[in-house]
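Good morning, and thank you for coming.

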Amino acid sequence: MPRAEVRTVDRVRPFFVEIVLLALAVVLAIVLIEHRPGGGEGRGSVLASWARTPGVLNETVTQATIRATICRRGWTRTIRPPTDYTNALKVRQLREYGLRGPPSAFQEDHLISLELGGNPVDRRNLWPEPYPRASAVDRVENDLNRRVCGGELTLAEAQRRESELKHTRG
């Protein structure tokens, strides 16, 4: 009579460990996908919505006024909205955008930055941008401001580039 293979603890343990590790990997992948900004949208970044956040300009900033506005050191501090306004708006917009996670994981960002003549308080110019992407985009905004103030780019071209970045690449 043929002998049935005897399963020993040594043979069961590796199989059991593999199953447990596979299950943990699946659970971890689901959690990461569901809890990242944009939750399961299949993108690595959150895009600004053309409908909710088309971008609104500050009417006092034009190509003719850049030396007295965006190119003047410290000017953005004079128009930056209060944190309590942007924090309250961020919470509402996180819901509107269907984003999950703590508000601290996002920066309530100006679609057209203050450095490039964006409206400081119009909600159509503000949106919840996730960190660390928000920090990287801040550097782009500062570079565009430097190029406008240095005469390398027009204000309108810099604004167009910033809008394109946030609407198409997050």
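Predicted model: local features only at pLDDT ≥ 70, side-chain atom pairs only at ≥ 80, totals over all residues.

Residues are numbered from 1 along each chain as its sequence is written, and side-chain values use heavy atoms, with hydrogens and water left out.

The chain contains five helices and two strands. Here helices (H or I, at least four residues) and strands (E, at least two) are DSSP runs, numbered from the N terminus. In sequence order the pattern is α-α-α-β-β-α-α.

Of the 170 residues, 37% are buried. Buried means under 20% relative accessible area, exposed means over 50%, and partly exposed lies in between, with a 1.4 Å probe and protein chains only. As for contacts (heavy atoms within 4.5 Å), 70% of those between residues at least 6 apart in sequence join residues at least 24 apart.

Let us turn to the loop. Where is aspartate 122 placed? It sits in the loop between β1 (106-110) and β2 (126-130). Aspartate 122 is buried, with a relative accessible area of 18%. Its C-alpha atom is separated by 9.2 Å from that of histidine 110, twelve residues away along the chain.

Now to the charged side chains. How many salt bridges does the structure hold? There are eleven, a salt bridge being a side-chain nitrogen of Lys or Arg within 4 Å of a carboxyl oxygen of Asp or Glu.

One of them joins lysine 166 and aspartate 109, at 3.0 Å from N to O. Lysine 166 belongs to helix α5 (residues 155-169) and aspartate 109 to strand β1, so this pair ties together parts that are 57 residues apart in sequence. Both residues, lysine 166 and aspartate 109, are buried.

Lysine 166 also meets glutamate 162 in a salt bridge of 3.1 Å, N to O. These two residues are four apart in helix α5, and are therefore separated by about one helical turn. Lysine 166 and glutamate 162 are both buried. A network of salt bridges links Asp109, Glu141, Glu162 and Lys166.

Finally, arginine 160 forms a salt bridge with glutamate 164, with the closest N and O atoms 2.8 Å apart. Arginine 160 is partly exposed, at 42% relative accessibility, and glutamate 164 is partly exposed at 34%.
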